[in-house]
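Take a look at the assembly below before reading on. We'll go from the chains to a sheet, and then to a pair of helices.

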Amino acid sequence: MLLIKNVTLVDALGERGPADVLIGEGRILSLSGGEAERILDGKGLLLAPGFLDLHAHLREPGQEVKEDLASGLLAAVRGGYADVVSMPNTTPPVDTPEAVRALRKKAQALGLARLHPAAALTQGQEGKALTEAGLLKEAGAPLLTDDGRTNEDAGILAAGLLQASAFGLPVAVHAEDASLRRGGVMNDGPLADFLGLPGNPREAEAARIARDLEVLRYAVRRSPKRPHLHIQHLSTKRGLELVREAKRAGLPVTAEATPHHLTLTEEALRSFDPLFKVAPPLRTQEDIEALLEGLLEGTLDAIATDHAPHTQAEKEMDLLRAPFGIPSLEVAFPLLYTELHLKRGFPLKRLVELFTDGPRNILGLKPIHLEEGAEASLVLLDPKERPVEPRNFASKARFSPWAGWVLGGWPVLTLVEGRVVYQALE
Amino acid sequence: MRFKAELLNAEEMRRALHRIAHEIVEANKGVEGLALVGIHTRGIPLAERIARYIREFEGKEVPVGMLDITLYRDDLSEIGIRPQVRQTRIPFDITGKALVLVDDVLYTGRTARAALDALMDLGRPRRIYLAVLVDRGHRELPIRADFVGKNVPTARSEVVKVRLQEVDGEDRVELWEREEA
Amino acid sequence: MRHLLDFQGWTRGQVENILDTARVMAEVLERPVKKVPALQGFTVATVFFEPSTRTRISFELAARRMSADVVSFATQASSLQKGESYKDTLLTLEAMGIDAYIIRADSAGVPHQAARWVKGVVVNGGDGRRAHPTQALLDTYTLLEALGTLEGRKIAIVGDILHSRVARSNVELLPLLGAEVWVAGPPTLLPQSLPGARLTPHLDEALAEADAVMVLRLQKERMEAGLIHLQDYIAHYQVTEERLSKAKPHALLLHPGPMNRDIELEGTLADSERSLVNRQVHNGVAVRMAVLYHLLVGREG
């Protein structure tokens, strides 16, 4: 039994409290105290439902030099995540029920965040032949995706949406037109022209979202069940407009945004530091403003990290050769708590929802609200500010575009079904 | 810095240079094969004046060149402020010539050493003389001047300032004391 | 300026200072002994992640003419990728006591990255499409030699602007000295914008009343990528005697080399009186000597 006294509660329903939260048997037993072996003073802290990340590259199997389940899931709980969806673009790709089961089993033994291994939409993520959606679902895959690659074959994507719909699986897409983005390594435009870096145009994202929404329309027309298309890491104003229109038209589409697309712009590339090389690329302040609107109004359903660890040496290559990706599991919430909520007044209730019920809904999981009887997958957050120190990361990627940023809202205790999986309390 | 004394006034400077001009012609037994090379910055107007004096009393033109020794300095790898590199312009072939290097002050000898190296890279003179307005001692290299306007015993803490009409608007040599910081 | 990465943050005075020094260096190169001891004791490394014999030789000669020790490190970036990073490579050189690194790479920004890692001085020897500052300096030097001043002069840069580091560096540098710069090329090979230059897809517009024309090399890769049709390019963008009649009567011609005769320019033009091509190559060594002197010796006074 654990008692957290005097803590402010925050979830998708809003802020309340302070309350004395009694936790036992994996549940919240009471909001008004009780007997406990361990009592924590929660004064000045925030208690929220444990976060769910829809989009993390944990690199196992095959790329353990970048990250593995142990380091990645520890990074997750340090970031306040109780649940993580891992991307299947590993070596080999996760495209069989056996692979999904093996990952889940290994993750369970670690006793950190719960792992939901996404499976490939196509065999080997090659975009040619579908994987076995039904068996993958039964093995525990939360969604299907060829993320890491783009879905160039519209017909295969259509078939994938139809097939997945029968089993209630979302299909998540990295929406960029590969032929339009070509070798682009940053946002296309005057800055890329000035810096002499190949540009990846915003239209590459918009064009692919537009196509995928038509593919979804087709799948909706053809399927007796409702297909579900999920747009990953939406980064442009135009892309957002397309999703907004589609949602208004009733299309079953959801979308996520990443911490980096919400806090960084292409200006960062002036440093020529491949740390800022990511796909889709960092855009402009105008895009950030549009994304914030999208988060508020619900066009965007979730914040997902796209945590993409690489080795230090890979990120010390040049901008043409360094791999795409930014690690962010450990900073995502404090970053947005500080930059969006504290500095820009983004409502905390909605921010927490975007880390909890928002992504949970996409996967068809029950919401977690801080009420008696609720699942005790929780995170305790400390508003006290401290700088981002990548050398202390649990992730193997000990670098960060936000290194040195002073942030508040750091997780100090993470619980999964009542079990303490991370604590950093005195 | 603190002013200590005037070493030469305009008239004394003129007389010293005049004497040097005579000594040069005497040493070379005439002006045949003679050429002057002034070292940037103040060596150049000094060389031009000496050439003018020679013309006045010999009626013959002695060619004058200008030499920048910056690229031959031996302290470039440890220097604080980067010295401006200036043009070297020697509009005659120095091979076989009797050259007179002209500078304002002879001190450690390092500038003269650099100038000698620079000249050697430009050709093979028959011989090289050194003429200076002031020799203040404290040599760090085995170098001596052939023609000296004025010998001045100095302390290392002192500074000799040569001011020339062409550069500074007046002819005057002063002794200053560098004050402890 | 501690490094020469591009011309961002450079003042006209700083550039003119280097060009003044380059004029002295040019005189050194005319002497019987074409060498000065200025950089004795300094070690200069050419670190080329992209092959370029011409630029490397020009830099090495510049360093040797000033008595620096020179070491060369050349590798293909592709072979570096496995295991050793750029940083490892540079830090290995650093441990050997290098004072200046001339860095050439096919990706924009490698010299900027290097400047964060090494204690020595970094000179950009050409990085991807980004910059080739010593080329722009030698182009400027050559133009000044011929024109006396760039104040109010119109310079046209013609060809594949989008992929050209030479164009970008000249567009940064020439306006600093008062020139009006126009860039012209087919729309597929033009950037969206380039601060400092006027853009046009029409060659004649750029050439009109130009004092000098800088012709860029058209890379075969652009044709292979389907970005341009060769015959169309020749018909509309080749610089010919006839098209040059739109420019000032004695308009000058520059080319950073190597040239594709009869593709980007009419073959005979390169050898005509207008052509400064050989002066450019000649001046390259003096300009690079000046750059090394300015970066290695002391700080600005």
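This is a predicted model: local features need pLDDT of at least 70, side-chain atom pairs count only at pLDDT 80 or more; totals for chains, interfaces and linings use all residues.

Residues are numbered from 1 along each chain as its sequence is written, while chains are lettered from A and ligands numbered from 1 in the order in which they are written.

Start with who touches whom, where a contact means two residues whose C-beta atoms, placed from the backbone, lie within 7 Å. Chain A and chain B do not touch, with 29 Å between their nearest C-alpha atoms.

Now the contact between chains C and B: chain C puts in 18 residues and chain B 16. On the chain C side, helix 1 (12-28) and helix 12 (277-296) are the elements giving two or more residues; helices (H or I, at least four residues) and strands (E, at least two) are DSSP runs, numbered from the N terminus. Helix 1 of chain C has the largest share of that side, 3 residues. Sorted by class, the side of chain C that touches chain B has 9 nonpolar, 5 polar and 4 charged residues (Ala, Val, Leu, Ile, Met, Phe, Trp, Tyr, Cys and Pro count as nonpolar, Asp, Glu, Lys and Arg as charged, and the others, Gly among them, as polar).

Next, go inside chain C for its open sheet: 5 strands in the order 7-6-5-8-9, with parallel pairing (two strands pair if DSSP finds at least two bridges between them). Strand 7 (197-200) and strand 9 (252-254) of chain C are at the edges with a single partner strand each, so one side of each has no neighbour in the sheet. Strand 5 (residues 154-158) and strand 6 (residues 180-184) of chain C run parallel and are joined by 5 bridges, and C:I155 sits opposite C:V181 of strand 6.

Finally, back to helix 1 of chain C, whose axis comes within 11 Å of that of helix 6 (residues 133-147) of chain C, crossing at roughly 70 degrees. Axes are lines fitted to C-alpha atoms, for helices over the stretch in contact, and angles run from 0 to 180 degrees between N-to-C directions. So helix 1 of chain C is roughly perpendicular to helix 6 of chain C (65 to 115 degrees). Helix 1 of chain C brings C:I18, C:L19 and C:A22 to this contact, and helix 6 of chain C brings C:L137, C:T140, C:Y141 and C:L144.

Note on methods. Angles under 35 degrees count as roughly parallel, over 145 as roughly antiparallel, 65 to 115 as roughly perpendicular and the rest as oblique.
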